[in-house]
Amino acid sequence: MKENRHGPGDIVRVGPPQLREVADNPEVSLPLMVRERLAETAERRQEIEAALVGIRARATELAALDTSLVRFDPAAYFDALKLLRMPGQDPVSLQDRAAKAGALVEEALAARVAAEAAAVEAQRRRNAAQESRQKWSEVDRLRKEQVRVQGAAERKEASALRTEGYLRDLREDLRLLDTKGSVARWRAREKRQELHDQLAITEEDLSRERLEAKAARATANAHITTLETELAELIAGIAHTPQEIDALEQALGSAQTTYKSALDLLTARRQEATRLEQAVHRAQEAAALTALAERQDWPARHARAERLRPQVTADAAQRSSLEKQFEQVQEDYERLGRNAQGEIIKAARLVATTLARFRTNKSVFEGPYDVVLVDEAGAATLPEVILATAKASRTAVLLGEFMQLGPVIEQPLKDLDRPDVKRWLIPDVFQHCGIRGPGDAQRHPACVTLSEQHRFGPAVMRLANSLAYGGMLRGGKQTAAPRPPEDPEIVIVDTDGLHELARPHLTGSRSGWWPTGSLIARALVEYHRERGEETGIVTPYGAQVDATLEALRDVESGGGPLAEVGTAHRFQGREFPVVVFDTVEGADGRDLWMSMAHRGPGASDWIRDGVRLFNVAATRVQTRLYVIGSWERINSAKDGKAFTHLAALVGAHGVRRLRANHLITPPHETERDLGGFGTALADVLARHVEVTGIDDELAFFSTFEDEIRKASTSLWLWAPWVANRVRGILPLLRDAAERGVRVNVFVRDDTDHIQASPNSQSLIADLRAVVHNVVPVNVMHQKIVVIDEQTVLIGSLNALSQSWTREVMLTMRGGHFARKLLEHEHAELFTRPPKCARCGGTSIELRRRTNGTWFWRCYDTVCKTGPNGRSNAWNLDIRVVGGRR
């Protein structure tokens, strides 16, 4: 194909190829050939798909807008805006009016004070005339007494005068009777007698009354004279005249009226000032609300959401119809595609595909074929190989490598204790043919051994021969080409001395991931990319693949991944100019797969497969192989282990050990002689990592404090121990929390004797008062800071207690890696401890069982202590998905 010795359609690649030159060749790639035939249907499908994508995009955008607008109250915002736009209702104008109202209140207050003083003075002067008022009252009483006495005498005299008049009337009546004749007198004798009797009585009464009237007059005159004397003396001692007293009363009334008016004015002005102050407060709140909304871009988002909403509603009505149209067009496309595939495949002279697609694609499976070539036959199961070779009418050839990885078989299937599975499915095709080693291959009559390789140089060939081939491999011309000392073929990147950064995080009993591999692999990829060299990154574990992919995404330029990353199974049969083999083997902790790999007696299939994996990873390379791992682990491997073969090469020509902690160097340390290659690699690494060496406890914490100040959304902190340094960081954490940053802290629980001290518990209490969550974790050792899901500070320094020890912390920037780290630590899940179902308390800590299960545990002393005095703490298992177990 490279020499272009085929015509269009002679060669067909069925399925997605690894090589871009095949995938992009319209004369070879089946999808491209089919696409050309289905252009019209594809265009129609693309139109409907674009419409559906637009519908989903608008719905997604509206959902995202609605989520971002949860704190936005449109009615309150527009009311605030309306208030601020009313003339004179802005904060400045209202504050000016409020200030003037305050001045008027002070003026009214002064007037009230003056009026009050005048009223008090008028009251005092009026009170001073009280004695005079009382004396004039006594004068009035005495004068009334005079009148009363005078009246009594006059009444006595009037009574005597009335009796005297009555006496005259009686005498006149008697005289008239006496002047009449005798007969008349006789006849009126009784009347005359009665008048005589009455006259006698009246004369006596008159005499008595005259005496009484005379006595009364004499008494009245004497008493009046006495009263006159008393009045004269009393009046002479009065200080105020009645007119003066009346004037004082009028002055008091006027002063009191003025005071009441001043009081009413003060009350009215105070009410106005209060109203204006409230208006100022409302205006300020409105201004703050609108400023916050505009700062968060809420009005624009709200407007966008309101424009989208009717469109999304309309979209919902037509979505079902479009989906049905798309399904119909897709069915048409697939039907036409199947027909087109069959026609293209039938017309081809050579069909290239995978075994999996061979048995699933009807057109490919139907054949027939003159010759069937099965490449990488060692990685296929016997049934797959038989199914393919059965389609050959003349010849079948198996191509493969018995020292590379065998077929991938699910563990439950391996665990079945069935003879047929053990006999036919688990052994690879070479084992079925009796080939288990280089000698078996050379002796087998139907096996042709290709012992000369033209891919890699002498150093990798020595490693491969030592690991797997027993010296059988020979090199082509490239193995004899000299390489300068600064161009090593194998570079062992030693991770010792990177502390927490180089500690594997277990995801299984013998598997895991670590940050240092992702970091160094990312730098190596960029280093060789700048030199036009393609890099493949191989690692034993899927978790490390994911972590490295996330780290690479943080430096992608928009043109796709910078390098391919995968396990050895994925890269079997591939080759790259540069290969980075990330072993995920640190100096501390248990041995993982690569540390245990060997082919010695008693080795299990899994341990032997580790050697095959190592061999596959190493032999993918053309020019340079990097092996990332702990030199302490590699160099201390027991004889026969895969690592001993690698360690034996160090010091030989073309093999170099490079210490990662010399590449990741604190800026203030003396520069080490790394050579041209090491210096260039350190420069690339420095683009992605800021390193702070801690020896004076200032450099890192200056960086840390700056990062806290810049935090805008979230801050995650894993710090096993706390010390007095917490008090210096608390104000920054408080400020961050107050500006809306969600702060979460993980610390060791109080089963640790340092954390259990009163000082540590007091510091943790202070921390709880400031941040959103403080979660105690049993036997925690991580030292990690993640800020805004973008910046990671990781290493061996405890951010809440470090004081004097020599440590290293690295600052890594990149959202993908930060989010991968948070996912691995189950950060979001572990910041939501439940309440204790027994006591209802919140004293909950995080623990992990020996089988890897995480669980919440109540550590309240009363709750966890049973009747017998033993611990019987409430706990609840946590269901985690992904990340570390």
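**Group meeting: cysteines, fold and local details of a predicted model**

Let me start with the cysteines: a search of the whole structure turns up 0 disulfides. Keep in mind throughout that this is a predicted model.

A disulfide is a covalent bond between the sulfur atoms of two cysteines. Here the cut-off is sulfur atoms within 2.5 Å.

Now the chain as a whole. The chain holds 33 helices and 24 strands. Is the chain compact or spread out, relative to a globule? For 885 residues the globule rule gives 29 Å, and the radius of gyration is 56 Å, well over that, so the chain is more spread out than a compact globule. Along the principal axes, the C-alpha atoms fill a box of roughly 210 × 70 × 65 Å. Of the 885 residues, 44% count as buried. On contacts: if we take those between residues at least 6 apart in sequence, 73% of them join residues at least 24 apart.

Helix 29 covers residues 725-738 and helix 30 covers residues 758-768; their axes are 10 Å apart and the packing angle is about 5°. An angle under 35 degrees counts as roughly parallel, and helix 29 and helix 30 are therefore roughly parallel to each other. On the helix 29 side the contact is made by V726, R727, L730 and L733, and on the helix 30 side by N759, S762, L763, D766 and L767. Sorted by class, that contact has 5 nonpolar, 2 polar and 2 charged residues.

Two backbone points to check on the display. D297 is not a glycine, yet has a positive phi of about 65°. Where does D297 lie? In the loop between helix 9, residues 242-295, and helix 10, residues 298-347. D297 is partly exposed, at 37% relative accessibility. V779 sits in the loop between strand 18, residues 773-777, and strand 19, residues 784-787. With a relative accessible area of 54%, V779 is exposed.

Last, V565. This residue is part of strand 11, residues 564-567. Is V565 buried or exposed? V565 counts as buried, at 7% relative accessibility. Which residues is V565 in contact with, leaving aside neighbours within four places in sequence? The set is I537, V545, T548, L549, L552, R570 and F571. V580 is 15 residues away from V565 in sequence, and the C-alpha to C-alpha distance between V565 and V580 is 9.4 Å.

Notes: Residues are numbered from 1 along each chain as its sequence is written. This is a predicted model: local features need pLDDT of at least 70, side-chain atom pairs count only at pLDDT 80 or more; totals for chains, interfaces and linings use all residues. Side-chain values use heavy atoms; hydrogens and water are left out. Axes are lines fitted to C-alpha atoms, for helices over the stretch in contact, and angles run from 0 to 180 degrees between N-to-C directions. Helices (H or I, at least four residues) and strands (E, at least two) are DSSP runs, numbered from the N terminus. Angles under 35 degrees count as roughly parallel, over 145 as roughly antiparallel, 65 to 115 as roughly perpendicular and the rest as oblique. Contact means heavy atoms within 4.5 Å. Ala, Val, Leu, Ile, Met, Phe, Trp, Tyr, Cys and Pro count as nonpolar, Asp, Glu, Lys and Arg as charged, and the others, Gly among them, as polar. The radius of gyration is taken over C-alpha atoms; the globule rule is 2.2 Å times the number of residues to the power 0.38. Buried means under 20% relative accessible area, exposed over 50%, partly exposed in between (1.4 Å probe, protein chains only).
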